[in-house]
Amino acid sequence: MIEIDVAVVGGGFSGCAVAANLARHVTSISSLALFEPDELGRGAAYGTRHREHLLNTRASQMSLYSDEPEHFVNWLGSRGGPDDFMPRQLYGEYVGDIAKQVFERPRFGYLCGRVSSVRRWSNGGFIVESSTGACFGARHVVLATGHLPPGDDFLPLDAITHHGYVADPWRFDYRAVEGDVLVIGAGLTALDVLVGLKAGGHRGMVHVLSRNGRFPYVHARVAPYDMIPALDTHDARTLLRSLRLHIESAARRGFDWRAVIDALRPEADAIWRRLSQAEQRRFERHLRTHWERHRHRAPQQVDAVREEYGRSNRLRHYAGKLVQMYDGKATIALRGGERIKLRPDWIVNCSGFRQAARMTRDPLLGSMLADGVVSRDAGGRGLRIGADFGAIDQDGNRVPGLWIIGPPVRGSRFEATAVPELRGMAELAAREILRHLRKDVALLGA
């Protein structure tokens, strides 16, 4: 068994960001192994096969390092400017380039494969076993496993077994799609599906089904807001009312609502933690999609594709749910009570991440939940962590040396998908790991 200081499970943005931040302090860390079955830096977000898929945030905000805000823009050079929405493929290349530099260092290794198990080690730390059978003894482990596929437990079985069912909308090649398409969900991923279909020459009809029947709002150039909104967090309803009043007040002073939402972003996690668990669940049920339409906006170039489909009468959008699938026919129950039937050639699941529903079925996370090494947060939305992103076990105890960042901690953290938040998670986790490693060295020296 190979003994190392740190094992990072996952080589998307979060895992590569942790490794990159640790590599800046090679005097404190002597060895690191990162496990990723696919290309470094891609993950679900940047592994798309379509160059037409764009980032939903301007380049100026996409640096991997918070203390070097122009790092990504400088890397782009003449290929793009700070206000541009760059191709996601290109951003994956950027993260991969940083990762490759990390693994040029001695005893910093990248293993192309999955991790099959992470178990507590009697000597302290953890035993990390890869799918190839290789075993590592790691003093610290970072779980950066990224997005699991969208949940499908709410869909009829015949929809999931449909010959044209697309379970993973992020990596699918839409050039193969012909005929009518049913898209489940109307968020940014659904817009990406439209972009992929257009790029692939699709000429059929697209039916978009979502609970509320609304697409995300669109980015616009607005003046920055001149204050940080102070909101009432007594309960979810009061929070929403408080935000609306603040937006109305800002509008009277000439500020766009987007500027208010952007100013609120650094405070969102603190606001989330001030809500009770019951109010957090209430927010998730009734307000999450409303918030995300405002917060996670689409570039105008992306929304233009939706408008093009609409102008050509090839886009229908329904508020409701898929209640039955039989003999190739989909039955949709609309919010007003009416039912309609469709016969889609393809069904694309863009319903969202639904991490909690998928975790027990994931081989690694499911086994760690069963062993009690990790636990769900109180709302059951993701994995439970402390303020330093340290894992909490089933008995409510901190698990020394085990850290979790990224989408699996949604619930414990309000935002766990966008680069600015993931970047902060990676930097904090790296700082905590380095602090513990230095402490261990000092104790040995004493």
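View 1. Helices (H or I, at least four residues) and strands (E, at least two) are DSSP runs, numbered from the N terminus. This is a predicted model, in which local features need pLDDT of at least 70 and side-chain atom pairs count only at pLDDT 80 or more, whereas totals for chains, interfaces and linings use all residues. Residues are numbered from 1 along each chain as its sequence is written, and side-chain values use heavy atoms, with hydrogens and water left out. R107, a residue other than glycine, has a positive phi, near 65 degrees. Most residues other than glycine have a negative phi. R107 counts as exposed because its relative accessibility is 52%, where buried means under 20% relative accessible area, exposed over 50%, and partly exposed in between (1.4 Å probe, protein chains only).

**View 2. D327 is found in the loop between β10 (315-326) and β11 (329-334).** The phi of D327, which is also a residue other than glycine, is positive, with a value near 55 degrees. Is D327 buried or exposed? D327 counts as exposed, because its relative accessibility is 59%.

View 3. Along its principal axes, the C-alpha trace spans about 75 × 55 × 50 Å, and buried residues make up 56% of the 446 residues. Among contacts (heavy atoms within 4.5 Å) with a separation of 6 or more, 71% come from residues 24 or more positions apart.
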